[in-house]
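Here is a briefing on helix packing and pockets. Please look over the sequence and the model before reading on.

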Amino acid sequence: MDKDIVVRARVQLLSANRRVVRGTEGLRIYRLLTQVQPEVYGSKLAYVLVEASMSAQVLEMPGQRLALLDEAIAVASALDTANPYRDMVLGRALAARRELEERRTPEV
């Protein structure tokens, strides 16, 4: 991984002056930094992925929403069980995925 890219991503986080950077900028930053420090940035990536799955851009695209939620579940599941945010973000991602599946499955 290019160290300059990692440094730039960290600078962007600091300059954002927010607890969590959201939107496509947040996705890009957290996806990159999770590769370097998964325990530090993975929970934020999972959080932003779930948020992105509910955004107006993908609201009518169930396949895209499902892909974002599956990524969030994979990222959250990979976190150490001792990570204080793991259960929260994993639960949120699983609940969102379950809700999406219920909407996609026609009632019999």
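## Pockets and helix packing

The largest pocket has a volume of about 260 Å³. A pocket is an open set of points on a 1 Å grid over the protein atoms alone, where a 1.4 Å probe fits, with protein on both sides within 12 Å along at least five of seven lines; lining residues have an atom within 4 Å of a point. A volume is the space filled by probe spheres set on the points, which are joined across faces, edges and corners.

This is a predicted model, in which local features need pLDDT of at least 70 and side-chain atom pairs count only at pLDDT 80 or more, while totals for chains, interfaces and linings use all residues. Residues are numbered from 1 along each chain as its sequence is written, and side-chain values use heavy atoms, with hydrogens and water left out.

**Overall fold**

- The protein has five helices and zero strands. Helices (H or I, at least four residues) and strands (E, at least two) are DSSP runs, numbered from the N terminus.
- Along the sequence the pattern reads α-α-α-α-α.
- The C-alpha atoms fill a box of roughly 55 × 30 × 25 Å along the principal axes.

**Largest pocket**

- Its lining has 13 residues, of which Arg 19, Val 20, Ser 43, Lys 44 and Tyr 85 lie nearest the centre.
- α3 provides the largest share, six residues.
- By class, the lining has nine nonpolar, one polar and three charged residues. Ala, Val, Leu, Ile, Met, Phe, Trp, Tyr, Cys and Pro count as nonpolar, Asp, Glu, Lys and Arg as charged, and the others, Gly among them, as polar.

**Second largest pocket**

- This pocket holds about 210 Å³ of space.
- Its lining includes Gly 23, Thr 24, Leu 27, Val 48, Glu 51 and Leu 68.
- α2 (23-36) and α3 are the elements that give two or more residues to this lining.
- The lining divides into five nonpolar, four polar and one charged.

**α3 with α5**

- The two helices pack at an angle of about 25 degrees, with axes 9 Å apart. Axes are lines fitted to C-alpha atoms, for helices over the stretch in contact, and angles run from 0 to 180 degrees between N-to-C directions.
- That makes α3 roughly parallel to α5 (under 35 degrees; over 145 counts as roughly antiparallel).
- Their crossing is left-handed, meaning that the near helix is turned anticlockwise from the far one by less than a right angle.
- Ser 43, Ala 46, Tyr 47, Val 50 and Glu 51 in α3 meet Val 89, Arg 92, Ala 93 and Ala 96 in α5. Contact means heavy atoms within 4.5 Å.
- This contact has six nonpolar, one polar and two charged residues.

**α2 with α3**

- α2 and α3 pack at about 150 degrees, with axes 8 Å apart.
- They are therefore roughly antiparallel.
- The crossing of α2 and α3 is left-handed.
- Among the contact residues are Leu 27, Tyr 30 and Leu 33 of α2, and Tyr 41, Leu 45 and Val 48 of α3.
- The contact divides into ten nonpolar, four polar and two charged residues.

**α3 with α4**

- α3 and α4 (residues 62-78) pack at about 160 degrees, with axes 8 Å apart.
- α3 and α4 are therefore roughly antiparallel.
- α3 passes α4 in a left-handed crossing.
- The residues that meet include Leu 45, Leu 49 and Val 50 in α3, and Leu 68, Leu 69 and Val 75 in α4.
- By class, this contact has eleven nonpolar, two polar and three charged residues.

Note on methods. Angles under 35 degrees count as roughly parallel, over 145 as roughly antiparallel, 65 to 115 as roughly perpendicular and the rest as oblique.
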